[in-house]
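Visitor: I'm new to protein structures and would like a walk through this one. Could you show it to me?

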Amino acid sequence: MADVLLLSAADVRAVFDLPAAIESQRAAFAALGSGEARLAPRALLDGPDGGVAFGYLSRLPGSGAVAKFGSVTPGNAARGLPTVAALVIVQDPVDGRPVAIIEGEAVTTPRTAAASAVAADHLAVPDASRLAVIGCGVQGRAHVRAMPLVRPIGRVTVVCRNPGTCGAAADLAAELELPVEGTGDVRAAVADADIVVTATTSTEPVVLGEWLPAGCTVLSVGSFAPDRCEVDAAVLARAAAVVVDDVATALLQAGPIVAGVRDGRLGEDRIRPLGPIVAGLAPGRTAPGDVVFFNSVGLGVQDAAAAAVIVDRARAAGAGRLVAL
């Protein structure tokens with residue numbers, strides 16, 4: 001077998017910044033929307049104490065298949081460990097041999113926030129300046145960093161549910177040179193927000209539809225499994241547009257979507273995929289005063305697009321190390 005490029009988390013962070021991640025996700029959803037990407041069904045396996053193992057497999061045009069295997073372990077927060085752990089494997093497009101193995105959490109964190117930024121760029125009002133993020137963990141902080149790259153964010157409120165993350169507001173304010181306020185009051189945080197991000201792993205709604213102001217865009221990234229539901233039914237009822245990363249996947253695995261369809265409150269005809277919107281084949285937001293809801297569960301095509309950029313940049317920079325397997 002030919003040598004395989006091993007890329008650590010540090011290697012990934014050195015070559016894959018947020019602007020690159022956003023462009024990779026824009027390419028991923030455009031390819032998905034135009035029918036050029038190949039996407040296998042996502043696999044989920046329940047684990048103990050609310051943990052979930054997951055598997056993705058996809059291919060972009062001209063690239064080899066990319067697989068990601070990993071887990072979400074909520075209990076790791078109390079252990080001082082990342083809640084997401086994963087490996088990404090990249091195949092050669094011609095002979096199918098593995099050409100790279102990449103530490104996956106360093107891929108997942110920026111690509112997830114970057115995908116939300118792409119969604120916000122197409123769904124949020126153009127002058128969105130007030131951001132509320134529910135959850136101050138790795139994903140919550142990544143989303144605070146990502147949103148100012150696509151909208152003129154002038155004020156951020158973060159809601160910290162874990163006492164160990166309560167310093168996030170001050171840290172982010174210093175890092176981004178933006179006003180970032182920390183609070184424990186979700187309702188107050190979202191009351192005048194233009195963009196609301198829910199970055200928890202909650203099985204119960206943390207945002208209620210009655211709290212949302214007109215024109216608000218809600219981006220749920222923690223409702224990634226059938227039993228995770230960060231928003232209540234009223235959010236979907238108020239939404240003029242219900243957008244997901246992939247309709248077939250969302251119908252099986254996005255908690256609010258699964259519950260809405262099951263209970264008859266959400267017709268499948270109301271659910272729209274993000275890909276055609278990014279590809280310019282379908283409209284995004286249609287009126288400034290609309291509430292828009294986006295539910296992301298994560299797709300393999302996102303990892304494929306990110307991995308292509310990471311491997312190319314790593315090779316150019318001489319990052320990582322080659323090993324013979």
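Visitor: Are α5 and α6 roughly parallel or roughly perpendicular to each other?
Guide: First, this is a predicted model, where local features need pLDDT of at least 70, side-chain atom pairs count only at pLDDT 80 or more, and totals for chains, interfaces and linings use all residues. Residues are numbered from 1 along each chain as its sequence is written, and side-chain values use heavy atoms, with hydrogens and water left out. The axes of α5 and α6 cross at roughly 30°, and angles under 35 degrees count as roughly parallel, over 145 as roughly antiparallel, 65 to 115 as roughly perpendicular and the rest as oblique. So α5 and α6 are roughly parallel.

Visitor: How is such an angle found, and within what distance do the axes of α5 and α6 come?
Guide: Helices (H or I, at least four residues) and strands (E, at least two) are DSSP runs, numbered from the N terminus. Axes are lines fitted to C-alpha atoms, for helices over the stretch in contact, and angles run from 0 to 180 degrees between N-to-C directions. For α5 and α6, the axes come within 11 Å.

Visitor: Which residues of α6 meet α5?
Guide: Contact means heavy atoms within 4.5 Å. From α5 come Arg141, Val144 and Arg145. On the α6 side they meet Ala168, Leu172, Glu175 and Leu176.

Visitor: Which residues of α5 are buried?
Guide: Buried means under 20% relative accessible area, exposed over 50%, and partly exposed in between (1.4 Å probe, protein chains only). Helix α5 covers residues 138–146, and its buried residues pack against α2, α4, β8, β9, α6 and β11. Those buried residues are Gln139, Gly140, Ala142, His143, Val144 and Ala146.

Visitor: Which strands stand at the edges of the sheet?
Guide: Two strands pair if DSSP finds at least two bridges between them. Here, eight strands make an open sheet with parallel pairing, in the order β10-β9-β8-β11-β12-β15-β13-β14. A strand with a single partner has one side left without a neighbour in the sheet, so the edge strands are β10 (180–183) and β14 (271–273).

Visitor: What is the bridge partner of Thr217 in β15?
Guide: Look at β12 (residues 217–220) and β15 (residues 291–295). They pair in the parallel sense over four bridges. In β15, the partner of Thr217 is Val292.

Visitor: At about what angle to β12 does helix α4 run?
Guide: Helix α4 takes in residues 105–123. It lies across β11, β12, β13 and β15. Its angle to β12 is about 160°.

Visitor: Are α2 and α4 roughly parallel or roughly perpendicular to each other?
Guide: Their axes come within 8 Å and cross at roughly 65°. That angle is why the pair counts as roughly perpendicular.

Visitor: How far apart are the axes of α4 and α12?
Guide: Helix α12 covers residues 300–317 and packs on α4 at an angle of about 115°. Val107, Arg111 and Ala115 in α4 meet Gln302, Asp303, Ala306 and Ile310 in α12. The axes are 10 Å apart.

Visitor: Is Val243 buried or exposed, and what is its relative accessible area?
Guide: Val243 sits in strand β13. Leaving out residues up to four places away in sequence, Val243 touches several others, including Leu123, Phe293 and Asn295. Val243 is buried, with a relative accessible area of 0%.
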